[in-house]
Amino acid sequence: MKLKLMTASVLSMALTMPAMAETYNYATFVPPASSNNTLALEPAFEKIAEESGGEIEFKMFAGGQLLGGREMLGGLRDGLADVGFVAPNYFISELPNAAMLPDMMPFGGDPVAVAGAMLETMFFGCPSCMEDYSKNNLVYLGGQVPTPYRLLCSGEMDGSADAVQGLRMRGGGTAMSRTSEALGGIAISMTAGDMYEAMERGQLDCVVGPTAWLKQYSLAEVVKTVVEEPLGVVAGLGLVTFNQQSWEELGEEGQQMILRQMPFIVAQSTVSGYMGDDEEAKDMAMNDHGVTFVQGDESMKAELAAANEAARDIILSEAAERGVEDAQSIMDAYVANLEKWATISQEQVQGDAAKLEQVLWDEIYSKVDL
């Protein structure tokens with residue numbers, strides 16, 4: 001058989017695209033019907049398949065079918081999946097620098113501002129955060145931002161600090177556990193996928209999480225009261241995190257296709273997803289399940305204010321203990337970016353997912369070089 005010489009254009013394509021059609025397995029611990037999947041990832045994956053002419057396709061394994069929340073980092077690192085959802089607050093030892101972003105949960109209250117600030121900090125303000133991922137054979141591309149966390153409780157209660165004394169509260173990271181303990185609760189560490197069963201069995205009294213989880217994780221079936229006092233917004237979630245070898249196999253053109261979809265994924269999962277789900281979940285929980293929503297009273301506000309005031313020094317101290325060398329600079333970068341993106345959120349985005357998508361491309365993803 002004779003070998004044919006490649007033209008320059010064919011050779012270029014061979015160097016920049018996968019050599020043959022590839023299916024990349026995506027693993028997530030959130031349920032299949034979550035808006036992360038239905039509104040953001042699935043449409044983006046379809047767009048990538050279309051643009052690549054079927055050369056790049058994704059198969060989703062949701063609800064922990066392939067990897068659970070606690071197994072995600074190791075599974076992706078070792079190639080059990082090509083891409084998945086890494087929550088850095090589950091992996092403080094492996095991602096000590098990146099874990100600072102979710103640890104600063106009390107600092108932000110606007111999901112749009114937090115979305116921009118976390119990405120700008122990760123890509124341009126925290127080299128050690130990105131190194132955390134590369135040391136674990138991973139490539140961080142970004143993710144959604146949930147709405148403010150609140151107390152979703154299985155019992156009937158008012159909004160006072162006394163009402164939550166001694167309650168077992170699920171926290172998925174140090175910030176959530178710190179908040180639980182500041183309110184007099186007992187922090188229970190577990191993944192989001194375990195919350196429903198734990199509450200159903202009476203092993204857990206409250207979940208520290210967004211109202212949207214009443215819908216996304218079906219918690220409206222086991223929750224009786226939501227205390228609406230906002231507890232902060234979690235940053236730094238790695239909804240799209242690649243195995244290093246799988247990322248390299250995509251080639252430059254394939255990588256650019258995925259990066260071009262990241263603003264859509266972040267905007268849709270944050271604005272159309274979580275922000276949209278919050279109101280829908282509240283209406284559903286009240287009308288279909290009789291869930292009561294109460295406001296936090298002055299005693300709860302005072303407890304939270306005191307906890308948040310002390311949080312900065314605690315975050316810096318705990319980061320230093322786990323070997324973070326530039327904790328203050330990471331915090332300073334995130335705080336500065338929060339201020340910048342609060343203005344962008346109010347003046348440019350105004351709760352519009354399409355506008356957030358565009359500004360994320362202009363300000364961040366068009367400048368990312370991985």
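Strand β6 pairs with strand β8 (residues 206–209) in the parallel sense over two bridges, where pairing requires that DSSP finds at least two bridges between two strands. Strands are DSSP runs of E with at least two residues, helices are runs of H or I with at least four residues, and both are numbered from the N terminus. The model is predicted, so local features need pLDDT of at least 70 and side-chain atom pairs count only at pLDDT 80 or more, whereas totals for chains, interfaces and linings use all residues. Residues are numbered from 1 along each chain as its sequence is written, and side-chain values use heavy atoms, with hydrogens and water left out.

Together with helix α7 (residues 174–182), strands β6 and β7 make a right-handed β-α-β unit. A crossover is right-handed if, with the strands pointing away from the viewer, the path from the first strand over the helix to the second runs clockwise.

Rings of Phe, Tyr and Trp (its six-membered ring) pair if their centres lie within 6.5 Å; planes under 30 degrees apart count as stacked, over 60 as edge-to-face and the rest as tilted. Among the pairs, Phe45 and Phe58 are stacked, at 4.3 Å centre to centre and with 15 degrees between the planes. Phe45 belongs to helix α2 (residues 35–51) and Phe58 to strand β2 (residues 56–61), so this pair ties together parts that are 13 residues apart in sequence. Phe45 is buried, with a relative accessible area of 10%, and Phe58 is buried at 15%. Buried denotes under 20% relative accessible area, exposed over 50% and partly exposed in between (1.4 Å probe, protein chains only).

Tyr133 and Tyr140 form a tilted pair, 5.2 Å centre to centre with 40 degrees between the planes. Tyr133 is buried at 1% relative accessibility, and Tyr140 is buried at 1%. One aromatic cluster consists of Tyr24, Tyr26, Phe45, Phe58, Phe242 and Trp247.

Charged side chains also lie over aromatic rings. Arg260 is placed over the face of Trp361, 4.0 Å from the ring centre. The charged end of Lys282 sits over the ring of Phe293, at 5.1 Å from its centre. The criterion is that NZ of Lys or CZ of Arg is within 6 Å of the ring centre and within 35 degrees of the ring normal.
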